[in-house]
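Please open the model in a viewer and keep the selection tool at hand.

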Amino acid sequence: MKKTFFAIVVIVLFSSHTMFLKLDSYFLEPNSSVALQLFNGTFEKSENIIARNRMLDASILSNGIRTKVSDSQWTEKDSITILNFQTEDAGTYVAGVSTKARDFKMNAKVFNEYLEHEGLYDMLEWRRQNNALDSNAIEKYSKHVKTIFQVGAIKTNDWQTELGYPIEFVPLENPYNLHTGDSLELKLLLNGKPLANQLVYADYKNPKNSHSHNALKAAEEHGHSHDGEVNSHTHESKESEESHTHTSGQKLRTNEEGIIKTHLFADGIWYFQTIHIVNTQKEELTHESNWSTLTFEVTHTHGEETHTHEHQHETNNSIYIFLLGSLLLIGVLFLWFNRRKNENKN
Amino acid sequence: MKIKTKRKILNTLFLLFPLILAAHGVSSSDQEILNNGGLLSYIYVGAKHMITGYDHLLFLAGVIFYLKGFKDILRFITVFTIGHSITLLGATYLGIKANDHLIDAIIALSVLYKGFENLGGFEKYLKIKSPNLLLMVFIFGLIHGFGLSTRLQSFDMGTAQFLAKIVSFNIGVELGQILALIPIVFIITLWKTKKSYTAFYKAINMYLIIAGLGLFLYQLYGFLNGH
């Protein structure tokens, strides 16, 4: 019995993968190389790579020009799919990836657990009220993710451009005009129209603490399959289970205009996620869902350490000051000791 | 006003000792190199870290000053290498890491220690004999290795070829150490023949004390202020 329960929990925990576009730093320099990471799993850990033929769209929007990403720009590392590209002129950039729809078949119990786990409480409630908790499900799902990052110091308006994905977040102001402590409004669009009364989860991660890797844990990895991709995952610890709670952070609900307002109370990479799921009468399906995430970084003041470009220049200048200061100090000390030696001789 | 002035002084100090940021910070360009370059990239980043990791080099310069002859240098450098390899490999593999600032503060103290010892500080001021240098170099080697490990763990290494990546980084560290030591040994050896060597010896070791203290305070400031 315990084994069965555990198996169900494991299936539920690992059967749903949220997708995110992530950067090590969201403040980049113009004309620099960038490795944009596509995570499929949790915000903390990617569980599997995404095959190129699964992507309906992958594009970068900057200075009013939308550039399609070519297959050759993608590489893979472990379970992370990496988009390599060069930034160009300064501006606020947007990158997006949209995937093809797939079907996922679940028995009733697993489906209920999955709804609970993903925070899809509206659908779970609907099933309760309509005595549908015992119904198995075949869900058609697709994922559409965006990230907004700042290149150089010039702010441009691409952050407000819709990529035309089935579901997408569009901020109502440039996140890079904001600082920690400010509030931001985001509009959620479904097929280009505001999506009202939709649950959205907002959370953040301080980039300083975002790396985690443990060889021992890695050694205990086991494999499983999902999304038709071969992948592996570690789930031996409480930490691991916690990292699979896809619904941490602020729980928000869009208003009638499809808008949520969130308080960006901490420095870090902010990520917003939502899953819009509906019942469907389409052939061989019971449900249809569209998943969306958006990421960007917020800092307390501009020009400090998260501002890589400015910080780098400051650091380079400081290196020279330090080296020159060191040489000067050694020189002064040398002259002083040399003089003392000569005085002692005399 | 006084608080503001103090803050200005601290910020100036912060600016005067920033090399640690360049030498030790996890730069996105290094991360990118590691993402795309395979095991060779770990060798490269390891070597780069050692060459630009001036606190390791300052300590080694201090050790070399004290030694006589190539054999002695080889013996002490080997012990330092064994020491830092143990903690670099072990701590990284086991996922043990320290606070960046605290470990770097201890490494800074090792620089101060070596300058103080070289100037005969133990005998002159503490009226005790200097601790066994070989043992101290081994202990400091372990500490420096832990610092290197903490830095390596700041990178997103992934899980594939995990041990091979650590070993590659360690190989890079050793290569970088050799490259950096060549000019240091050359300058010290060359100066030994000059009349001004005593003044040079004292100046460098006094600098090690000042730099070690400065770096220690800088790291402490960073730790307390979350930089």
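**Chain A as a whole**

Select chain A, in which six helices and 20 strands are assigned. The model is a predicted one. Of the 346 residues in this chain, 36% count as buried. Consider next the contacts in chain A between residues at least 6 apart in sequence: 74% of them join residues at least 24 apart.

**Confidence in chain A**

Colour chain A by pLDDT. The mean is 81, and 77% of the residues reach 70 or more. Where is confidence lowest in chain A, and where is it highest? The lowest mean, 33, belongs to helix H4 (residues 215-219) of chain A, and the highest, 97, to strand S11 (residues 167-171) of chain A. Now select residues 5-14 of chain A, where the pLDDT is below 50; this stretch has 16 contacts in the model beyond near neighbours in sequence. Residues 209-245 of chain A also have a pLDDT below 50, and the model gives this stretch 61 contacts beyond near neighbours in sequence.

**A four-stranded sheet in chain A**

The next stop is an open sheet of four strands in chain A, ordered S1-S3-S7-S6 with antiparallel pairing. Which strands stand at the edges? They are strand S1 (18-22) and strand S6 (74-77) of chain A; each has a single partner strand, so one side of each is left without a neighbour in the sheet. On average, neighbouring strands of this sheet are turned by 25 degrees against each other, direction ignored.

The sheet can be crossed one pair at a time.

- Begin with S1(A) and S3(A), which pair in the antiparallel sense over five bridges. Select A:Phe20 and then its bridge partner in S3(A), A:Phe39.
- Continue to S3(A) and S7(A), an antiparallel pair with six bridges. Here A:Leu36 stands opposite A:Leu83 in S7(A).
- Finish with S6(A) and strand S7 (residues 80-86) of chain A, which run antiparallel and are joined by four bridges. At this pairing, A:Lys77 is found opposite A:Ile80 in S7(A).

**Two loop residues in chain A**

Select A:Gln198, placed in the loop between strand S13 (193-194) and strand S14 (199-205) of chain A. Is this residue, A:Gln198, buried or exposed? A:Gln198 has 20 C-beta neighbours inside 10 Å and therefore counts as buried. Leaving aside neighbours within four places in sequence, A:Gln198 is in contact with A:Leu188, A:Arg253, A:Thr254, A:Thr274 and A:His276. Of these, select A:Thr254: the two residues, A:Gln198 and A:Thr254, are 56 residues apart along the chain, yet their C-alpha atoms are separated by 5.3 Å.

Move to A:Glu284, in the loop between strand S19 (268-279) and strand S20 (287-298) of chain A. A:Glu284 counts as exposed because it has 8 C-beta neighbours inside 10 Å.

**Chain B**

Switch to chain B, again coloured by pLDDT. The average is 84, and 85% of the residues score at least 70. Confidence in chain B is lowest in helix H2 (residues 19-24), at a mean of 43, and highest in helix H7 (residues 100-118), at 94. Over residues 8-26 of chain B the pLDDT stays under 50, and the model has 36 contacts for them beyond four places in sequence.

Now select helix H5 (residues 54-66) and helix H11 (residues 197-225) of chain B, whose axes come within 11 Å and cross at roughly 145 degrees. The crossing of H5(B) past H11(B) is left-handed. H5(B) contributes B:Asp55, B:Leu58, B:Gly62 and B:Phe65 to the contact, while H11(B) contributes B:Tyr201, B:Ile204, B:Asn205, B:Leu208, B:Ala211 and B:Leu215. By class, the contact of H5(B) with H11(B) has seven nonpolar, two polar and one charged residues.

**The complex**

Finally, display the complex, to which the predictor gives an ipTM of 0.80 and a pTM of 0.54.

Technical notes. Residues are numbered from 1 along each chain as its sequence is written. Chains are lettered from A and ligands numbered from 1 in the order in which they are written. This is a predicted model: local features need pLDDT of at least 70, side-chain atom pairs count only at pLDDT 80 or more; totals for chains, interfaces and linings use all residues. A residue is buried if 20 or more other C-beta atoms lie within 10 Å of its own, exposed if 12 or fewer, and partly exposed in between; C-beta atoms are placed from the backbone. Two residues are in contact if their C-beta atoms, placed from the backbone, lie within 7 Å. Axes are lines fitted to C-alpha atoms, for helices over the stretch in contact, and angles run from 0 to 180 degrees between N-to-C directions. A crossing is left-handed if the near helix is turned anticlockwise from the far one by less than a right angle, and right-handed if clockwise. Ala, Val, Leu, Ile, Met, Phe, Trp, Tyr, Cys and Pro count as nonpolar, Asp, Glu, Lys and Arg as charged, and the others, Gly among them, as polar. pLDDT is the predictor's confidence in each residue, from 0 to 100. Two strands pair if DSSP finds at least two bridges between them.
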